[in-house]
Amino acid sequence: MDTLLTEIREGMDYLNLQGKHINKIKMNADIFDNMTKLTNIEHANDAATLFGITIESDENIEKYAFILEDVN
């Protein structure tokens, strides 16, 4: 899981450098379940957050996906 957390953090950093704003992270349901058991995950108002970004379970995601804020 540490490798996945590092990969997510690096992806977020890269997108931030490109001026992109991440609205949420969607994860494969199995990964999400494992991830929410970690201490890095915060729970508030029935939402889980990772690095300050809301994370959600999605069966249609293979691993994880960044959902970017619409700038229009």
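**View 1. Helix α1 from end to end.** α1 has 16 residues and covers positions 2–17. From its first C-alpha to its last it reaches 23 Å, close to the 22 Å expected at 1.5 Å a residue; the expected span is 1.5 Å times one less than the number of residues. Helices here are DSSP runs of H or I with at least four residues, strands are runs of E with at least two, and both are numbered from the N terminus. This is a predicted model, where local features need pLDDT of at least 70, side-chain atom pairs count only at pLDDT 80 or more, and totals for chains, interfaces and linings use all residues. Residues are numbered from 1 along each chain as its sequence is written, and side-chain values use heavy atoms, leaving out hydrogens and water.

View 2. Look for Leu-4, Leu-5, Ile-8, Gly-11, Met-12 and Leu-15, the buried residues of α1 (buried is under 20% relative accessible area, exposed over 50%, partly exposed in between, with a 1.4 Å probe and protein chains only). They lie on the same side of α1 because they cover an arc of only 125 degrees around the axis, taken from the directions from the helix axis to the C-beta atoms. The face turned away carries exposed Asp-2, Thr-3, Glu-10, Tyr-14 and Leu-17.

**View 3. Leu-50 and its partners.** Setting aside neighbours within four places in sequence, Leu-50 is in contact with Leu-5, Ile-8, Met-27, Asn-40, Ile-41 and Ile-55 (contact means heavy atoms within 4.5 Å).

View 4. Gly-19 follows α1 and has a positive phi, near 85 degrees.
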